[in-house]
Amino acid sequence: MAEPLLRVEKLVRRFGGIIATDNVSLEVASGELHAIIGPNGAGKTTLISQLTGHLEPHSGSVSLAGRDITYLPAYRRCALGLARSFQITSLLLDFTAADNVALAAQAHAGTSFRFFANARKEKGLRDAAHAALDRVGLLHRADVVVSRLSHGERRELELAVALASKPKLLLLDEPMAGLGVTESQRMVKLLQELRKEVSIVLVEHDMPAVFALADRISVLVYGRVIASGDPAAIRQNEDVKRAYLGDQHVVTHHG
Amino acid sequence: MKAFSVSKAVTALMLAGLVLLPLYSHLTGNIFILTLFTRIIILALAAASLNLIMGFGGMMSFGHAAYLGIGGYAVGMLAQEGVGSGFIQFPVALAASATYALVIGALSLRTRGVYFIMITLAFAQMAYYVASGLARYGGDDGLTVYKRSDFSGLINLGDRMQFYYLCLACLLGVIFLIWRIVNSRFGLVVQGLRSNEQRMQAIGFAAKRYQLVCFVISGTMCGLAGALLANNTDFVSPAVMYWTRSGDLMVMVILGGMGTLFGPIMGAVVFLLLEEFLSQITEYWALIMGPLLLLIVLFGRGGIMGALGRAGRG
């Protein structure tokens with residue numbers, strides 16, 4: 001079998017006495033949309049942070065396309081093709097939408113130690129920014145300062161920023177968080193388009209969205225992966241029902 | 001056509017005033033105003049350099065006066081040792097400032113926020129005490145520069161008007177450079193880091209590298225101000241590095257408008273003119289100056305440039 005795009009092996013991360021990530025292993029194949037679900041406090045964000053390099057694991061390893069990245073800083077991982085969105089929107093608030101995306105493109109287009117030429121007039125960067133904004137349906141808001149964008153628009157902009165770095169793997173930390181019904185539907189549609197182009201790890205609470213999108217799902221409870229498989233298998237899994245879904249109407253009524 | 005803007009008009013007026021000032025001084029025979037404004041321009045240059053890291057880069061350096069001293073001592077010490085050529089003194093002043101900035105920056109940028117403020121302050125105070133200890137170069141009493149930097153006939157720093165225009169040219173040159181830098185790739189990265197460092201790391205920028213380079217550029221620019229200042233006063237002493245002077249520079253930047261191109265000049269002009277005239281009225285001028293600055297900072301968000309911008313929008 002081919003080397004998976006992302007391989008996580010026996011990852012452990014503790015906070016004091018609490019084991020937030022407990023021997024987590026998972027693989028994401030190229031082209032796959034892999035969802036990670038779990039109740040609040042299951043350690044999803046802790047896991048994502050170790051994948052992006054914002055947090056170091058105590059043991060275990062993370063590799064991207066066969067390369068060990070366990071201890072690489074965030075900015076180096078990004079250069080290797082790993083992009084992320086944040087659970088709590090994290091953008092440059094006093095920059096325009098286009099500037100936010102153009103900076104992401106700039107990070108992957110030659111050196112940024114250029115001191116004299118006007119970067120906002122670099123056609124390549126602006127075109128890349130506009131293309132990514134167009135992709136998420138935000139082109140008409142390109143020149144608006146982020147602090148004036150709505151929450152939904154900011155979620156979409158997060159995605160555009162991640163796309164602009166032309167990633168191999170996209171880590172999306174609750175992209176639907178705080179979105180209304182119509183906005184969520186738009187986001188699902190968008191992700192359905194994007195998954196054709198890029199592999200995605202999706203952490204999400206919105207169960208209908210997860211079951212509609214995912215090729216495979218890993219269920220995280222108390223820092224451990226208790227089940228991993230395709231949506232049908234997860235829906236049938238007794239452990240999952242018991243440990244996490246409880247009154248699992250959200251899952252059974254869908255699909 | 002761009003809309004008329006009050007801040008642009010006031011800036012243009014101020015620059016025109018600075019360019020024409022020697023003419024006024026010449027016609028009226030008022031030499032005092034020329035010397036006063038030479039000093040204002042030099043300190044405006046220092047404030048502009050501080051604004052690059054503080055306003056645009058979000059790095060609150062509380063030790064910027066150290067570069068005034070380093071640039072000044074480079075000129076003074078070389079003059080003392082018989083090296084009078086400006087072609088040597090000025091490059092040495094810039095190189096010394098850059099080196100100091102590189103070392104201090106590399107250490108200070110490991111910290112953020114209040115710690116960054118405190119550590120830059122601590123290093124500047126260290127520089128102050130080192131200068132106080134230089135017995136050969138006057139120690140506490142400072143060092144008289146008997147002869148101004150010699151640019152072998154190219155320009156005569158002993159001539160008040162020529163020296164004034166040299167300082168003004170340096171200031172405008174530095175403002176031009178800062179303008180180019182803040183709109184360049186590098187400048188956008190530095191401003192992005194001010195806005196949201198976590199985000200910038202996530203899209204692939206190694207924060208510290210860019211901040212350090214910016215810190216060095218700023219320090220070098222301020223070193224130039226130091227070299228000019230020593231020539232202006234024919235004297236350099238540890239006092240130019242004292243923390244209150246760093247504080248003055250910060251006040252000028254905040255007063256004029258952080259992160260604006262011409263704000264620091266505006267701030268320096270207003271601050272130093274206030275200081276000058278209030279101190280003529282009363283020896284307790286600081287009692288008036290303090291509350292006045294407090295009011296401006298509290299109620300005039302964005303400093304003078306911010307207030308002018310709001311006035312422009314009506």
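Into which domains is chain A divided? In this predicted model, chain A consists of domain 1, covering 1-81 + 167-255, and domain 2, covering 92-165.

**Domains of chain A**

- The C-alpha centres of domain 1 and domain 2 of chain A are separated by 26 Å.
- Contact between the two involves ten residues of domain 1 of chain A and eight residues of domain 2 of chain A.
- On the side of domain 1 of chain A that touches domain 2 of chain A, helix α6 (residues 181-194) of chain A gives the most, with three residues.
- By class, that side of domain 1 of chain A, the one touching domain 2 of chain A, holds seven nonpolar residues, two polar and one charged.

**Open sheet of chain A**

- Four strands of chain A make up an open sheet, ordered β2-β1-β4-β5, with antiparallel pairing.
- Its edge strands are β2 (18-28) and β5 of chain A, each of which pairs on one side only.
- Five bridges join strand β1 (residues 6-15) of chain A to strand β4 (residues 59-64) of chain A in the antiparallel sense; A:V12 has A:S59 of β4(A) as its bridge partner.
- Two bridges, again antiparallel, link β4(A) with strand β5 (residues 67-68) of chain A.
- Within β5(A), A:R67 is the bridge partner of A:L64, and A:D68 stands opposite A:S63.
- The hairpin of β4(A) and β5(A) has two residues between its strands, and A:A65 there takes a positive phi near 50°.
- Helix α1 (residues 44-52) of chain A lies across β1, β2 and β4 of chain A, and runs at about 60° to β2(A).

**Residue A:R135**

- Helix α4 (residues 123-135) of chain A contains A:R135.
- A:R135 counts as partly exposed because it has 19 C-beta neighbours inside 10 Å, whereas a buried residue needs 20 or more.
- Apart from neighbours within four places in sequence, A:R135 is in contact with A:A160 and A:L163.
- From A:R135 to A:P231 the separation is 96 residues in sequence and 27 Å in space, C-alpha to C-alpha.

**Interface between chains A and B**

- The interface brings 28 residues of chain A into contact with 19 residues of chain B.
- Helices α6 (160-183), α7 (185-195) and α8 (197-202) of chain B each supply at least two residues to the side of chain B that touches chain A.
- Among contributors to the side of chain B that touches chain A, α7(B) gives the most, with six residues.
- The side of chain B that touches chain A comprises eight nonpolar, eight polar and three charged residues.

**Helix α10 of chain B**

- Helix α10 (residues 243-256) of chain B, with 14 residues, reaches 20 Å from its first C-alpha to its last, close to the 20 Å expected at 1.5 Å a residue.
- This helix, α10(B), is mostly covered, with ten of its 14 residues buried.
- Among the buried residues of α10(B) are B:L249, B:M250, B:M252, B:V253, B:I254 and B:L255, as well as B:R245 and B:D248.
- The cover over the buried residues of α10(B) includes α2 (31-56), α3 (65-80), α5 (113-132), α11 (263-281), α12 (285-299) and α13 (303-313) of chain B.
- Just after α10(B), a positive phi of about 130° is found at B:G257.

Definitions and conventions. Residues are numbered from 1 along each chain as its sequence is written. Chains are lettered from A and ligands numbered from 1 in the order in which they are written. This is a predicted model: local features need pLDDT of at least 70, side-chain atom pairs count only at pLDDT 80 or more; totals for chains, interfaces and linings use all residues. Two strands pair if DSSP finds at least two bridges between them. Two residues are in contact if their C-beta atoms, placed from the backbone, lie within 7 Å. Axes are lines fitted to C-alpha atoms, for helices over the stretch in contact, and angles run from 0 to 180 degrees between N-to-C directions. Ala, Val, Leu, Ile, Met, Phe, Trp, Tyr, Cys and Pro count as nonpolar, Asp, Glu, Lys and Arg as charged, and the others, Gly among them, as polar. Domain bounds come from an automatic or database domain assignment. A residue is buried if 20 or more other C-beta atoms lie within 10 Å of its own, exposed if 12 or fewer, and partly exposed in between; C-beta atoms are placed from the backbone. The expected span of a helix is 1.5 Å times one less than its number of residues.
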